[in-house]
Amino acid sequence: MKKAIVIGATGMVGTQLIKQLIENETYSEIVSLVRRASGITHPKLKEQIINFDEPENWSNVVTGDILFSTLGTTLAQAKNKEAQFEVDFTYQFTVAKIAAKNGVTNYVLISSVGANSNSIVFYTSMKGKLEDAVKRLPFNVISIIRPGQLAGDRTEKRTSEKIGLSVMHFINKLGMMKRYKPIYAHKVARAMINAAEKKESGTYTLDKVFELAE
């Protein structure tokens, strides 16, 4: 039986991940670090509402077998790049460092298509910097998932995203931009759980993510 730690459980992928971990008999305990209550309750789930800026108050609960990191925000939600970087890089890296220090051996991270620390695009550069940073931590196995555009139900409305998904589906049908093919959140969550069973580190681009989800 395994104990999972999850950050980002209130997001689209995180919500699906929590639900699947609850149903998965391999996991006996799930510790979820959130900034607000998710609304999900289960005997296996221990939800900790925390302030990511105060690790001294919660670092002791970051113990277990596997850290699943699905935390992230958008520039529109964060209001500026500095605030987005704090959530997408600083908070995630802080939790990862603490997990590694506390003896967590396996780390599964949701990144992004095109993640590259040398990119001139802020978002893909930020994701690449996070990948580079966590790879230097002493986990036994690090699995990096690079999905395409996410599809599924969100709690908040994102009209532009819905339009973008429709356009991307149409473009994909024409045989173009397959590396950005949309993928449903529940499949990404399943791919994360399956990646956690791997014995070696790996970076999984979109085609491999679809394979992992099977």
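**Helix α4.** I looked up the length of α4 (residues 122-135) first: its 14 residues at 1.5 Å a residue should span 20 Å, and the end C-alpha atoms are 20 Å apart, which agrees. The expected span is 1.5 Å times one less than the number of residues. Helices (H or I, at least four residues) and strands (E, at least two) are DSSP runs, numbered from the N terminus.

I am working on a predicted model, in which local features need pLDDT of at least 70, side-chain atom pairs count only at pLDDT 80 or more, and totals for chains, interfaces and linings use all residues. Residues are numbered from 1 along each chain as its sequence is written, and side-chain values use heavy atoms, with hydrogens and water left out.

Thr124, Ser125, Met126, Lys127, Gly128, Leu130, Glu131, Ala133 and Val134 are buried. Their cover includes α3 (81-101), β5 (106-110) and β6 (141-145).

**The sheet.** I traced seven strands in an open sheet, ordered β3-β2-β1-β4-β5-β6-β9, with parallel pairing. Two strands pair if DSSP finds at least two bridges between them. β3 (45-49) and β9 (202-204) are at the edges with a single partner strand each, so one side of each has no neighbour in the sheet. From one strand to the next the twist averages 15°.

I then took β1 (residues 2-7) and β2 (residues 27-34), which run parallel and are joined by six bridges. In this pair Ala4 stands opposite Ile30, and Val6 stands opposite Ser32. Six of the eight residues of β2 are buried, so β2 is largely enclosed by the rest of the structure.

**Helices on the sheet.** α3 lies across β1, β2, β4 (66-69) and β5, at about 175° to β4. α6 (residues 185-195) packs on the sheet and touches β2, β4, β5, β6 and β9, its direction making about 160° with that of β6. Axes here are lines fitted to C-alpha atoms, for helices over the stretch in contact, and angles run from 0 to 180 degrees between N-to-C directions.

**Cores.** A nonpolar core is a set of buried Ala, Val, Leu, Ile, Met, Phe, Trp, Tyr and Cys residues joined through side-chain atoms within 4.5 Å. In the largest one, of 34 residues, I found that Leu21, Phe68 and Ile145 touch the most other members. α6 gives the most to this core, with seven residues. I listed the contacts of Leu21 (heavy atoms within 4.5 Å): leaving aside neighbours within four places in sequence, they are Ala4, Val6, Tyr27, Ile30, Lys44, Phe68 and Ile193. A second, separate core has 31 residues, including Leu71, Phe89, Ala99 and Ile142.

**Aromatic pairs.** Rings of Phe, Tyr and Trp (its six-membered ring) pair if their centres lie within 6.5 Å; planes under 30 degrees apart count as stacked, over 60 as edge-to-face and the rest as tilted. I counted six aromatic pairs by this rule. Phe52 and Trp58 are edge-to-face, at 6.0 Å centre to centre and 70° between the planes. Both Phe52 and Trp58 are buried. Ring pairs link Phe52, Trp58 and Tyr91 into a cluster.

Phe85 and Phe89 are stacked, at 4.8 Å centre to centre and 20° between the planes. These two are four residues apart in α3, thus separated by about one helical turn. Phe85 counts as partly exposed at 26% relative accessibility, whereas Phe89 is buried at 15%.

Definitions and conventions. Buried means under 20% relative accessible area, exposed over 50%, partly exposed in between (1.4 Å probe, protein chains only).
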